[in-house]
Amino acid sequence: MFVRFCEGIPFQTDYQMPLIIGLELMSPEKRTMASFFSFIAWTLGMCFAAFIAWFFSNWIYIQIFMAVIFLLFLFIY
């Protein structure tokens, strides 16, 4: 239980740090729209993850599917 707690501590930092750095690099006129699109993308991603969990009944298949998607985006990056 303690290890799970320690794993969850950096989640907000891992998510917010790139967002804040990206917003600081943008012009002030575009920051609101960039923040809006960032949160819309996050919300759609959470909805998509729930759909994937509904589609695959076994958590192992969910993890494989999510890892494959991550690897595709990693190679694109």
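Is Phe48 buried, partly exposed or exposed, and what is its relative accessible area? In this predicted model, Phe48 is partly exposed, with a relative accessible area of 40%. Let's see what surrounds this residue.

**Two helices meet**

Two packed helices are described by the angle between their axes and the distance between the axes. Here, helix H3 (residues 31–55) packs against helix H4 (residues 59–76) at an angle of about 140°, and their axes are 10 Å apart. That makes H3 and H4 oblique to each other, and H3 passes H4 in a right-handed crossing. On the H3 side, the contact is made by Phe48, Ala49, Ile52 and Ala53, while H4 brings in Ile62, Phe65, Met66 and Ile69. Sort those residues by class and you get 8 nonpolar, no polar and no charged.

**Rings that pair up**

Searching the whole structure turns up 6 aromatic pairs. Here are two of them:

| Pair | Distance between ring centres | Angle between planes | Class |
|---|---|---|---|
| Phe48 and Phe65 | 6.4 Å | 45° | tilted |
| Phe51 and Trp54 | 5.8 Å | 35° | tilted |

Phe48 sits in helix H3 and Phe65 in helix H4, so their pair ties together parts that are 17 residues apart in sequence. Phe51 and Trp54, on the other hand, both lie in helix H3, 3 residues apart, which is about one turn of the helix.

How open are the other rings in the table? Phe65 is partly exposed, with a relative accessible area of 27%, and Phe51 also counts as partly exposed, at 42% relative accessibility. Trp54 counts as exposed because its relative accessibility is 64%, and the cut-off for exposed is over 50%.

Finally, ring pairs link Phe48, Phe51, Trp54, Phe55, Phe56 and Phe65 into a cluster.

Notes
Residues are numbered from 1 along each chain as its sequence is written. This is a predicted model: local features need pLDDT of at least 70, side-chain atom pairs count only at pLDDT 80 or more; totals for chains, interfaces and linings use all residues. Side-chain values use heavy atoms; hydrogens and water are left out. Axes are lines fitted to C-alpha atoms, for helices over the stretch in contact, and angles run from 0 to 180 degrees between N-to-C directions. Helices (H or I, at least four residues) and strands (E, at least two) are DSSP runs, numbered from the N terminus. Angles under 35 degrees count as roughly parallel, over 145 as roughly antiparallel, 65 to 115 as roughly perpendicular and the rest as oblique. A crossing is left-handed if the near helix is turned anticlockwise from the far one by less than a right angle, and right-handed if clockwise. Contact means heavy atoms within 4.5 Å. Ala, Val, Leu, Ile, Met, Phe, Trp, Tyr, Cys and Pro count as nonpolar, Asp, Glu, Lys and Arg as charged, and the others, Gly among them, as polar. Rings of Phe, Tyr and Trp (its six-membered ring) pair if their centres lie within 6.5 Å; planes under 30 degrees apart count as stacked, over 60 as edge-to-face and the rest as tilted. Buried means under 20% relative accessible area, exposed over 50%, partly exposed in between (1.4 Å probe, protein chains only).
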